[in-house]
Amino acid sequence: MRSKTKNIGQVVPFLAPVQILILSVIVVPSLYVVWLSLNASTFGQSPTFVGFDNYTRTLTDPAFLHALGNTVLIVVFAVHIELVLGMAMALLFAGGLPFRRILLVAVLAPYAVSEVIAVAMWRFLFDPDVGPVTITLSSLGLPVLDWSFEPSHALIMVGLLTIWLHLPFTFIILYAARLAIPKDLYEAARIDGATAYDAFRRVTMPLLGPAIVIALLFRYIFAFRIFSEVWLMTQGGPARSTEVVAVYLYQEAFRFNAFGTAAATAWIMVVASLVLAAGYVFLLRKQVVGNAH
Amino acid sequence: MRTSKVLVGLGKSAAVGAILIWSLFPIAFIIMSAFKPGQDIFAVPPRFVFTPTLQHYGKLWSEWGMFFDGLFNSAIVTVGATVLAITTSTSAGYVYSRNSSRFLDASVLFLIVVRLIPPIVVTLPLFPIVNAIGLNDTHVVLIVLYATFFVSLGTVLMRTFIDQIPRELDEAAQIDGATRLTTLRRIIVPLAAPGILAVAVFVVVFAWNEFLFAFIFTATNAKTAPLVISEMIGSIDGVDWGVLFAASTIQLIPVLLFVILMNRHLVAGLTAGATKG
């Protein structure tokens, strides 16, 4: 147990570096963004207070709504496929595999790959003219991804890329949780005559519940801020059709110098993340209480 | 009974094969292609037997010299961010592990919440400020940004790992007259090495690969390797795939080896980071 500390002064020097970094780089700037979002301003011009004008303008801007739609599509598509694949792999690994440690390392490998290189490899594999995947698909008479012209295909590419990059995370969370389930439970279920499917439904699923929710929330929050994959794949084009919220924010701020709407977009992102985070913190608390009993 | 066992075995092998192809094929493809002569890169099905060549590396050296400056910048920024993140989170994690008060508990919650703010949000106010104080396009700005976005996870992780070190050890040291700082350096740091390595994996991988902050805050002097590679992808006169793969291989190999070597710490960090708070 941690001991109650009466003299906070003694520990402050140990905490100060972390708290100063966070306050000066994340918290104060984020609060300043609130102020920015309530003013009309552009780079090098003095701002004027406009209330919630920027929020109304952002939320009614078709480009923003389109970007939001794309983001939600990518998040829903990618995160849930990740979950299903990660779960299947966790069960496969937990069921016993030869060379399990080596296979585990192989599955982790994409974690080391930067978004830039991942985009480079996927752009080549799916290149409309020379891409091996494109050529293979078309020689088999299958439809190909025309991602440089067709916005929906570009979003599918981004989705696939996202899944490839983040599957290791989802898999590890689920696999660790699956390994934490005591073997006795499966033994007991077997003695009671349960089939493998029964054991999955009655033992595995309920006990993996918290891990599933945690993996999902983390991935919702992190997938929602997706920027590099989209920017490097399409720069949001053609004609802003594949923008996501973070790319929209970047364009507003650094291309159109519209700091007000960019700031409003930023706070919409923060609020969306915090709403999801509230769910996460609530679950952690519950889990802590659950462990104490 | 026996046939069903064989079927299950076959199904498992097929699944393992699919997983291996999915995870490793794109990586293997890039690394192999970086050594393939000219047209062999475009062969379908991909050629696995070829005469390896260094021609793309030669061209990378002569035409994209700034890629090597980029690598150098990436190395400086990665080392700097890792050292900064580890020292600060270890000392904070130590205090959070050994002490408790309403203020401290509230500030842990604060750390967890801050971790969830999207990084792009802070670029808006920081961009003009960084320009104004002349830190634009320097290593320092990237080091501070990268470290800061990992100190909250780092602190929570270090607290979890330090929690496992028996309190009696630091109490004994303190009875012998050691200060908090000495206890931290002599007792906690050596025993918390697995935690430190877990934090290091996160920060190293992030800092070495990061794109968004580097894209916004650097131009020439501090430009990192991923940024140079992104310029190769977007090059107007068509992509020179051989050179792009050569650069990608050089950027990827060190971090890939690092993750492979540290896989246990990465797994421990991922699970502790997501489920403890």
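I started where the chains meet: 75 residues of chain A are in contact with 72 residues of chain B. I then asked which element of chain A gives the most to that side, and found helix H1 (residues 8-37), with 16 residues. I also sorted the residues on the side of chain A that touches chain B, and they came out as 63 nonpolar, seven polar and five charged. A reminder to myself: this is a predicted model.

Next I looked at chain A as a whole. I noted twelve helices and three strands in chain A. Its C-alpha trace spans about 75 × 75 × 30 Å along the principal axes. Of the 293 residues in chain A, 42% are buried. I also checked the contacts in chain A with a separation of 6 or more, and 68% of them join residues 24 or more positions apart.

Then I moved to chain B and picked out one residue, B:Phe150. I found B:Phe150 in helix H6 of chain B, which covers residues 139-163.

Is B:Phe150 buried or exposed? I put B:Phe150 down as buried, because it has 24 C-beta neighbours inside 10 Å and the cut-off for buried is 20 or more.

Which residues does B:Phe150 touch, leaving out those up to four places away in sequence? I listed B:Ala85, B:Phe202, B:Val203 and B:Phe206.

Methods: Residues are numbered from 1 along each chain as its sequence is written. Chains are lettered from A and ligands numbered from 1 in the order in which they are written. This is a predicted model: local features need pLDDT of at least 70, side-chain atom pairs count only at pLDDT 80 or more; totals for chains, interfaces and linings use all residues. Helices (H or I, at least four residues) and strands (E, at least two) are DSSP runs, numbered from the N terminus. A residue is buried if 20 or more other C-beta atoms lie within 10 Å of its own, exposed if 12 or fewer, and partly exposed in between; C-beta atoms are placed from the backbone. Two residues are in contact if their C-beta atoms, placed from the backbone, lie within 7 Å. Ala, Val, Leu, Ile, Met, Phe, Trp, Tyr, Cys and Pro count as nonpolar, Asp, Glu, Lys and Arg as charged, and the others, Gly among them, as polar.
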